[in-house]
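Please report on how this chain is packed. Begin with the helices, then take the sheet and the core.

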Amino acid sequence: MTTFYWYPKCSTCKKAIAWLDEHQIDYKLIDMIETPPTKEQLVSWMETNDYPIRRFFNTSGVRYREQHLKDIVNDFSKEEAATRLTADGMLIKRPILELGDKVLLGFKESEYEELLLK
């Protein structure tokens with residue numbers, strides 16, 4: 001089952017949902033602000049995917065800038081990063097598409113095609 005974490009006001013999330021619907025992909029929809037991924041999920045994703053820790057953060061978001069995370073995020077352990085992210089869903093890069101142990105951060109049509117339409 002594909003799980004899709006989104007923020008309902010995010011235009012990129014809406015584009016990703018439109019793509020999923022257009023390609024008739026079944027997914028479970030989770031509001032990542034109301035129900036952010038757990039610390040354990042985030043650590044697991046960081047361990048099983050090739051993304052740098054910074055990529056899990058919404059680096060263009062207001063909260064990221066307010067907390068001056070740009071200067072310290074590269075020094076975070078996976079545990080520290082996951083703790084920060086679960087404390088505030090607005091810090092998390094969105095959308096997140098989870099399929100098994102694979103995770104896609106953000107929405108790039110080519111990545112969705114490669115993972116979901118093989």
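Which elements do the buried residues of α1 pack against? They pack against β1 (2–6), β2 (27–31), β3 (96–99) and α5 (109–116). Contact here means heavy atoms within 4.5 Å. Helices (H or I, at least four residues) and strands (E, at least two) are DSSP runs, numbered from the N terminus.

This is a predicted model, in which local features need pLDDT of at least 70 and side-chain atom pairs count only at pLDDT 80 or more, while totals for chains, interfaces and linings use all residues. Residues are numbered from 1 along each chain as its sequence is written, and side-chain values use heavy atoms, with hydrogens and water left out.

**Helix α1**

Helix α1 covers residues 11–22. At 1.5 Å a residue, its 12 residues should span 16 Å, and the end C-alpha atoms are 16 Å apart, which agrees. The expected span is 1.5 Å times one less than the number of residues. Cys13, Ala16, Ile17, Trp19 and Leu20 are the buried residues of α1. They fall within an arc of 160° seen down the axis, so they line one face of the helix. The arc is taken from the directions from the helix axis to the C-beta atoms. An α-helix has 3.6 residues a turn, so residues three or four places apart point the same way. On the other side of α1, Lys15 and Glu22 are exposed. Buried means under 20% relative accessible area, exposed over 50%, and partly exposed in between (1.4 Å probe, protein chains only). Gln24 follows α1 and has a positive phi, near 55°.

**The sheet**

Four strands form an open sheet in the order β2-β1-β3-β4, with mixed pairing. Two strands pair if DSSP finds at least two bridges between them. The edge strands, β2 and β4, each pair on one side only.

| Strand | Residues |
|---|---|
| β1 | 2–6 |
| β2 | 27–31 |
| β3 | 96–99 |
| β4 | 102–105 |

β3 and β4 pair in the antiparallel sense over four bridges. Leu97 has Leu104 in β4 as its bridge partner. Helix α2 (residues 39–48) packs on the sheet and touches β1, β3 and β4. Its direction makes about 80° with that of β3. Axes are lines fitted to C-alpha atoms, for helices over the stretch in contact, and angles run from 0 to 180 degrees between N-to-C directions.

**The core**

The largest nonpolar core has 39 residues. Such a core is a set of buried Ala, Val, Leu, Ile, Met, Phe, Trp, Tyr and Cys residues joined through side-chain atoms within 4.5 Å. Phe57 and Tyr112 have the most contacts inside it. The largest share of this core, five residues, comes from α1.
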